[in-house]
Amino acid sequence: MECDKKYITIQQLEQHNKPGDLWVSINGKVCNVSDWSKYHPGGETPLLNLAGKDVTDAFTAYHPATAWQYLNKFFTGYRLKDYKVSEVSKDYRNLIHEFTKAGMFENKGHTAVFTLTSVAAMFGFVFYGVLCCNSLWVHLCSAMVLGMAWIQSAYIGHDSGHYIVMSGHGWNKLVQLITGNCLTGISIAWWKWTHNAHHIACNSLDCDPDLQHIPVFAVSSWLFNSSAERKRLV
């Protein structure tokens, strides 16, 4: 019954935004993900960035439909008081529904296989040009083709890191390891932890890991302030 439900305000939810005390709201239901954060496949950073907020749209964007069935184990028993869906969120969710109905999120394994085949062919040309030819022009062409092969490898690694591009998780992970770890020298696990967080808090100086280059260089003089000072200036 409605009278038996327990509610908290958005201000109370915002207080649970620290490591070891991470609460989020999904469709108005408040979940405690403090212990889960260390096991989260997407890393702890997205949960730290979104703690104390409603994360329904982010959850929908970055999780398969099967993930919804596991939310009850994190449910605190509280619901968000006066929970409302903004017009922007309504439009976004309608767009997701239309894209799903049109089959735009279905696996496109043939595209990934074609791309990997073209990358293999380019690497084959490069090996032949470098090892079997002495011509300067062939070596220059090989260098150009090598660059194109690395670019294509990065693209397929990027796409397979974001979602399933093959027919199953096992094949998709193999593509990630080949294109990320082997061909471009980037840890696909590290990349997913940082890049997914980048998309959730895109270009946020405090929350986007793709902008966190201290102490190598700073993308803004604002970063020289202490974290407490930065919060005061926001």
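Trainee: What makes strand β3 (residues 21-26) and strand β4 (residues 29-32) a pair?

Mentor: Two strands pair if DSSP finds at least two bridges between them; β3 and β4 have 4 bridges, in the antiparallel sense, so they count as paired. Strands here are DSSP runs of E, at least two residues, and helices are runs of H or I, at least four, numbered from the N terminus. This is a predicted model, where local features need pLDDT of at least 70, side-chain atom pairs count only at pLDDT 80 or more, and totals for chains, interfaces and linings use all residues. Residues are numbered from 1 along each chain as its sequence is written, and side-chain values use heavy atoms, leaving out hydrogens and water.

Trainee: Good to know! Where is confidence highest and lowest in the chain?

Mentor: On pLDDT, the predictor's confidence in each residue from 0 to 100, β4 is highest at 95, and helix α9 (residues 227-233) is lowest at a mean of 51.

Trainee: Why are α6 and α8 called roughly perpendicular?

Mentor: The axes of α6 (residues 136-162) and α8 (residues 188-200) cross at roughly 70 degrees and come within 10 Å. Angles of 65 to 115 degrees count as roughly perpendicular, under 35 as roughly parallel, over 145 as roughly antiparallel and the rest as oblique, so α6 and α8 are roughly perpendicular to each other.

Trainee: Which residues of α6 meet α8?

Mentor: With contact meaning heavy atoms within 4.5 Å, G157, H158, G161 and H162 in α6 meet residues of α8, including W191 and K192.

Definitions and conventions. Axes fitted to C-alpha atoms, helices over the stretch in contact; angles between N-to-C directions.
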